[in-house]
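Open the model in your viewer and keep the selection tool ready. The stops below go from a helix to a loop residue and then to a strand.

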Amino acid sequence: MRLALTVLIVGAATMATVAAGAPAAAPVWGECTMPPQPGIERDPRQQCATLKVPLDYRAPRGRTIEITISRIATAQPGTRRGILLSNPGGPGDQGLDLPSALGTVLPQKVLDQYDLVGFDPRGIGHSTPVTCGIDPAPPRSQVLPYPAPDGGIQRNVSFARTTAAACAKHSGDLLRFITTANTARDMDRIRAVLGEPKLSYYGISYGTYLGAVYLSLFPGRGDRIVLDSAVDPGLVWRDMFRTWNEAFALRLPDFLTFAAERDAVYHLGATPDEVRRTYDRLTAALDERPLPNPGGPELDGNTLREITRSLLYLDIALPSLAEVWQALAEAVSTGSGVDSAAVARLSSAGHVTAGDRTGAADVPVDNNVAALYAVICNDAAWPRNVSLHARQVAADRRAWPMTAGMPSNIWPCAAWPTRPAEPPVTVTGNGARNVLILQNTRDPSTSLRSARGLRAALGRRAAMITVDQGGHGVFGLGSCADEATNTFLATGELQARDRFCSAGDTVRSAAAPYIPPGWPL
């Protein structure tokens, strides 16, 4: 049901006030009994708890849902400043174990001051999860809508319509309330039940948009805010995904150079141009004749395109990407199937299919897919004209052949059963100057252009550090941004002006507080 005009005008302010109402009872902390997230070693000190929040903040006494939260309390309560809440991105990613990940890279001067707090956002993981009933999980190259080899989108249209209807059928009334704005209101409930006047925050990728929405709904309740790899709040969500065309084109040369310098190892080409031609030959061959993949979906050209896109997120993943290209090149040339360790590792890590990989019994296998769709379809209205999508896909395939038209293609949002319950939150610069934005120059997911959009929206509230490197995610990789971030969190000192960090200022580190999964922001 659409909001009345008067509610639309005052809705954000009213619902923000509701979120600030009388806090619920303090959470009861206990052992985190769910399986840890893949790739993260859970700190034994981490505790978990649940709290109830309104499903619909316009009806605060109505139906409630559960939010599962986690905490690693500071070992130095005498120096404690407050809580450092975090979000891993997505949308659709679980965040319960992010405190354990952050605890491995934050310096003691920061850890002494904060309880590290994580949470599975509403609809995700162990927080009353949504599902679209997709089982088994579909290929990632279908969830992210790659067109057919000839550019046709009819298969994508059918998937969009069928999936939108299935999401409504399986998640019912829960579905339309899974939004960024409601998650921001949940964050304020977390702050309140923990007895904190303000919260500090680290958010990466989609988490930067969530953080900016929180600051805009609750401009006086943010303490020290770090936004890493930034979403442009003016582009949510279809236009944001369309920025992937340029972002991918700017990042790919890093890998082409990497592979060419190691031609003796991977045999993909002795120059970047030769490696690029190898890619073109491989995708064309796999488009024409996909390879069987034991234990998973067949490996076609779109599978290779999506594996390549997602593994460009981190430099430490480039060797794995080269191994995949090498394995596929050998299989194509010999006509054999692929049974390589490299492809098997990618399948288990979720780079081939798009389902939940935790093995948790209470999390639907398609939860991260369903939650992704719920957030992006409920946050903002999408065009429903199929012809528009077809025209833009065709234009993108000419202008940006490497992404094959996927970023402009049709999503289930074009057939979503409900319209957004409220307009997107307007991100503003109102409030104290307490936001640090971190951004790489060649990020394949949230581009520098996107980060500049967030920087402009936050205005005087923010400062930005731009690092001359590729990949998605800045903090924890050894650049000048690390010390600036640690100093800001520990002392509140925010640089007076935006800063550029050259590649020569970076000391490479294999450690990262959070490894973005390429899903998708």
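Select residues 244-261, helix α9: its 18 residues reach 26 Å from the first C-alpha to the last, close to the 26 Å expected at 1.5 Å a residue. That expected span is 1.5 Å times one less than the number of residues. Helices (H or I, at least four residues) and strands (E, at least two) are DSSP runs, numbered from the N terminus.

This is a predicted model, in which local features need pLDDT of at least 70, side-chain atom pairs count only at pLDDT 80 or more, and totals for chains, interfaces and linings use all residues. Residues are numbered from 1 along each chain as its sequence is written, and side-chain values use heavy atoms, without hydrogens or water.

Next, centre on Arg-251, where α9 has a kink of about 25°, shortly before Pro-253. The bend is the angle between axes fitted to the seven residues ending at a residue and the seven starting there. Arg-251 is among the buried residues of α9, as are Trp-244, Asn-245 and Phe-248. Buried means under 20% relative accessible area (1.4 Å probe, protein chains only).

Now select Thr-403, in the loop between α16 (386-399) and β8 (435-442). Beyond four places in sequence, Thr-403 touches Tyr-146, Trp-244, Asn-245 and Phe-248, contact being heavy atoms within 4.5 Å. Thr-403 counts as buried because its relative accessibility is 4%. A polar atom of its side chain lies 3.2 Å from the backbone oxygen of Trp-400.

Finally, go to Ser-86 in strand β4 (residues 82-87). Ser-86 is buried, at 1% relative accessible area. Its contacts beyond four places in sequence include Leu-98, Val-117, Phe-119 and Tyr-201.

Terms used
Buried < 20%, exposed > 50% of the residue type's maximum accessible area, 1.4 Å probe, protein only. Polar contact = N/O pair within 3.5 Å; in protein donor to acceptor, adjacent residues only side chain to side chain.
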